[in-house]
Amino acid sequence: MNTNYKSVVRWPLIIGYLGIVVVLLACATVGSGSATATITETATTTVLPTPTGEPQLRLEDGAVKVQGENDTWIPVTGESTFELVGELQSIDPWMVTGNTFATRDTTQIAEGLEVGDLVRVKGVILEDATWLANSIELAEEQTDPTIILIGKVDSIDPWVVHGITLNITPDTVINGEITPDMIVLVEILLLEDGAWEVLSITPLSHFTEIPGCLTVMATIESVNGNEIKLLGWPAITLGEDVDIENEEGGEGTLSANQHVLVVVCTSEDGQVVITKIIIVKPEEDSEPTNGKKVLICHKPDKKGGHTLSIAEPAVPAHLAHGDKLGPCP
């Protein structure tokens with residue numbers, strides 16, 4: 001038997017096997033190196049956002065929206081505000097004197113509220129006509145259900161404020177000369193049949209819209225230096241160039257409980273910024289009456305009348321129309 005021939009045959013096979021092993025090892029090494037390179041590249045190119053502590057705002061659908069959880073955008077204000085006092089009829093959904101309100105996670109709701117309680121609801125009316133409650137609390141005193149509506153006049157014949165048609169009667173008190181586009185305060189009595197009786201309309205401001213910006217109504221909750229908290233908004237730090245004006249166009253000072261017009265614009269770099277704040281209704285504590293509320297009996301000769309709580313400066317106009325001081329019997 002020729003053993004040399006067998007050796008010659010085996011060596012090519014062994015060399016072939018070794019070649020295959022070397023190739024496999026090389027592939028494994030390259031694959032491992034590629035995986036390492038990919039991970040390293042991903043780690044070096046991933047950029048984490050830097051928290052700024054400032055809320056992310058944007059303008060959409062006629063409202064200012066703030067970025068909430070899960071990247072959702074939540075409206076914080078619109079072009080009209082309301083304050084309603086009435087009986088709490090339902091909690092799910094929230095309903096007061098026949099009016100249903102939307103709420104959100106940031107809505108301030110007093111603890112222990114029960115159906116039948118007399119409550120005060122403050123909020124905004126959004127562009128889609130949703131009444132969004134920013135706060136729901138117990139009312140301080142027993143009165144008949146009322147609504148305080150602040151918004152822009154769309155028309156005076158017929159009377160329309162923020163898209164809401166108002167039924168004006170000879171008993172409605174129209175204070176001063178009012179024209180379309182003015183900001184007004186409307187006092188409304190809610191009757192038992194659900195109808196609205198407009199008690200008075202008072203002008204607050206005549207403001208010209210700024211092109212490219214959104215003008216919204218808001219109520220100041222607190223002021224701490226340059227940081228301002230509007231009801232329903234997150235806290236915002238105002239820039240040094242923000243104009244603060246009073247109704248007459250002079251320099252104004254911000255404080256809690258003021259009703260204000262907030263001009264919100266988009267800057268050149270796409271940021272939403274507040275450029276101007278106009279005080280349209282001073283806080284009650286700054287008025288000569290120290291914000292005193294007065295109980296009156298509205299229309300005492302008609303079915304016993306309605307007990308209303310109104311600001312002291314509005315008393316003379318109500319008395320001139322036959323209302324009486326004090327609660328109704």
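**Surface, cores and disulfide of the predicted model**

The protein chain exposes about 18600 Å², of which carbon and sulfur atoms supply 55%. The structure is a predicted model. Its protein chain has 329 residues, and 39% of these count as buried. The secondary structure consists of 2 helices and 24 strands. Among contacts in the protein chain with a separation of 6 or more, 58% are accounted for by residues 24 or more positions apart.

In soluble globular proteins, nonpolar side chains tend to be buried together. The largest nonpolar core of the model holds 28 residues, and the members that touch the most others are Phe101, Val121, Leu166, Val186 and Ile201. Two or more residues each come from strands E4 (80-91), E5 (94-96), E8 (118-125), E9 (131-138), E10 (146-156), E11 (159-161), E14 (182-190) and E15 (196-206). Strand E14 gives the most to this core, with 5 residues. For Val186, when neighbours within four places in sequence are left aside, the contacts are with Ile147, Ile148, Leu149, Val161, Leu166, Val198, Ser200 and Ile201. A second, separate core comprises 22 residues, including Leu57, Val66, Ile236 and Ile277.

Strand E14 also contains Glu187. This residue counts as buried because its relative accessibility, 12%, is under the 20% cut-off. The side chain of Glu187 makes a polar contact with the side chain of Ser200, at 2.5 Å. With neighbours within four places in sequence again left aside, the residues in contact with Glu187 are Ile147, Ile148, Glu197, Val198, Leu199, Ser200, Ile310 and His318. Ile147, Ile148, Val198 and Ser200 are likewise among the contacts of Val186.

The model contains 1 disulfide. Cys297 and Cys328 form this link, with an S to S distance of 2.0 Å. The two cysteines are 31 residues apart and join distant parts of the chain: Cys297 is in strand E22 (residues 293-298), whereas Cys328 is in the segment after strand E24 (324-325). The link of Cys297 and Cys328 is right-handed, with 105° about the S-S bond. Cys297 is buried, with a relative accessibility of 3%. Cys328 has a relative accessible area of 14% and is therefore buried as well.

Definitions and conventions. Residues numbered from 1 in each chain as written. Predicted model: local features only at pLDDT ≥ 70, side-chain atom pairs only at ≥ 80, totals over all residues. Heavy atoms only, no water. Disulfide = S-S within 2.5 Å. Helix = DSSP H or I, 4+ residues; strand = E, 2+ residues; numbered from the N terminus. Buried < 20%, exposed > 50% of the residue type's maximum accessible area, 1.4 Å probe, protein only. Core = buried A, V, L, I, M, F, W, Y, C linked by side-chain atoms within 4.5 Å. Contact = heavy atoms within 4.5 Å. Areas by Shrake-Rupley, 256 points an atom, 1.4 Å probe, with all protein chains shown as cover. Polar contact = N/O pair within 3.5 Å; in protein donor to acceptor, adjacent residues only side chain to side chain.
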